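Subject: Structure for you to look at

Hello,

Here is the structure I promised to pass on. Please open it alongside this email; my notes follow below.

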Amino acid sequence: MAAAARGSLASAAGVVQFSASGRPRKNAAVLMVRCASSSSDKAGFFGKLGRVFKEKAKSDIDRLFSGFSKTRENLAVVDELLTYWNLSDAEKLLDELEEALLISDFGPRTAIKIVDGLRKDVLAAKLKTGQEIKLALKKSIVKLLTSRAGSTDLKLGTRRPAVIMVVGVNGGGKTTTIGKLAHRLKKEKGVKILMAAGDTFRAAAKEQLEVWAERTESDIVRAEEGQKKPAPVLSRAVKRAVAEKFDIVLADTSGRLHTNFSLMDELEDCKKAIGKALAGAPNEVLMVLDGTTGLNMLPQAREFNDVVGVTGFVLTKLDGTARGGCVASVVDELGIPVKFVGVGEGLEDLQPFDAEAFVNALFP
């Protein structure tokens, strides 16, 4: 299987980086804001926010492990392969290691890249034991998730309001993610959150977001009676946030298949409406990825990124059947970081992504 795949497919400590626009394809000027202290009230707020998120990333590790139990089961063969490592069988074992990565949804391109790196070090006698190879394997995946995609911090800028647009396919958990994110943001004293009910298609979407707004003590802008187009709702929400000095706007959008071009065009209109209401917005376009979909998330992410310029991913539904290897493939191909991981159903269960903890959760 591995051979067939090969033939077919030949910030500084205490510093948070914030981009001015959040658009991935433009070389936007970057503002450096120190978390420890700042004379600016705005900089101080967003600096503290970054620090709180990083501290939370070290918790909930047990639930992260259980979420990827299926992937860990598939990768258990790695230990079996490396227990009796012998240089004379290196090529055969490396091919089997590549196959194990493919079964775990790493994808051909990413699996080949990882194993080719290991092969080079084995042949250069830099890796001599099975334990050294496993450690190098895990380090290479961590490096792929960090150096390829860059910072996992929310890039909110220093101007208020910051606008976070949340997108994704049907049933991925966008509205729930908005609620959990609002809860985390509201923990900072004085933060005013405005939710925008931009999902005008799904029957219960507005009511669901209203529940989250009430639970998190956030304000909400809804569609007016008979209003079907989401762009005017989002525009009105951003204009209200500017006028009433809200800190952050969380913009919900309708779930849509990436293959429905008319709906994808509508999503592009939503982003344009936000930018017209407030120049430079949205600061972030977060795409929610269902962790159970495996490599199907790659074409989804590719298409959404082409249309609206995704700046970060939120991985959800880690229910034990999640297929974790695909995350590495998405980051490797698109160069977009995972920013959050949903580890449960509770308000506190939105965890900032930590690459090292993630890789440890994949391997037994």
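Contact here means heavy atoms within 4.5 Å. Keep in mind that this is a predicted model.

On that basis, start with the pair H6 and H13. Arg109, Thr110 and Lys113 of H6 meet Ala328, Ser329, Asp332 and Glu333 of H13. The axes of H6 (residues 108–123) and H13 come within 9 Å. They cross at roughly 90°. Angles of 65 to 115 degrees count as roughly perpendicular, so H6 and H13 are roughly perpendicular to each other.

Stay with H6 for valine 122, which sits in that helix. Valine 122 has 3% relative accessibility and therefore counts as buried, the cut-off being under 20%. Leaving out residues up to four places away in sequence, valine 122 touches Trp85, Leu87, Ala90, Leu127 and Ile133. Take alanine 90 from that list. Valine 122 and alanine 90 are 32 residues apart in sequence, yet their C-alpha atoms are 8.0 Å apart in space.

Next, the cores. The largest nonpolar core has 78 residues. Phe106, Leu137, Leu145 and Phe313 have the most contacts inside it. Helix H5 (residues 90–103) gives the most to this core, with seven residues.

Setting aside neighbours within four places in sequence, phenylalanine 106 is in contact with residues including Leu75, Leu101, Ile114, Ile141, Leu295 and Leu362. Its partners also include Ala328 and Ser329, two of the H13 residues that meet H6.

Now H12 (residues 297–308). This helix has 12 residues and spans 16 Å from its first C-alpha to its last, close to the 16 Å expected. Its buried residues are Met297, Leu298, Gln300, Ala301, Phe304, Asn305, Val307 and Val308. What do these buried residues pack against? The partners are strands E3 (162–167), E7 (284–290) and E8 (312–316), and helices H11 (261–277) and H13 (325–334). Just after H12, glycine 309 takes a positive phi of about 70°.

One last item: lysine 339, in strand E9 (residues 338–342). Is lysine 339 buried or exposed? Its relative accessibility is 2%, so lysine 339 counts as buried. The side chain of lysine 339 reaches the backbone oxygen of aspartate 153 at 2.8 Å.

Best wishes

Conventions. Residues are numbered from 1 along each chain as its sequence is written. This is a predicted model: local features need pLDDT of at least 70, side-chain atom pairs count only at pLDDT 80 or more; totals for chains, interfaces and linings use all residues. Side-chain values use heavy atoms; hydrogens and water are left out. A nonpolar core is a set of buried Ala, Val, Leu, Ile, Met, Phe, Trp, Tyr and Cys residues joined through side-chain atoms within 4.5 Å. Buried means under 20% relative accessible area, exposed over 50%, partly exposed in between (1.4 Å probe, protein chains only). Helices (H or I, at least four residues) and strands (E, at least two) are DSSP runs, numbered from the N terminus. The expected span of a helix is 1.5 Å times one less than its number of residues. A polar contact is a pair of N or O atoms within 3.5 Å; within protein, one must be able to donate a hydrogen and the other to accept it, and residues adjacent in sequence count only if both atoms are side-chain atoms. Axes are lines fitted to C-alpha atoms, for helices over the stretch in contact, and angles run from 0 to 180 degrees between N-to-C directions. Angles under 35 degrees count as roughly parallel, over 145 as roughly antiparallel, 65 to 115 as roughly perpendicular and the rest as oblique.
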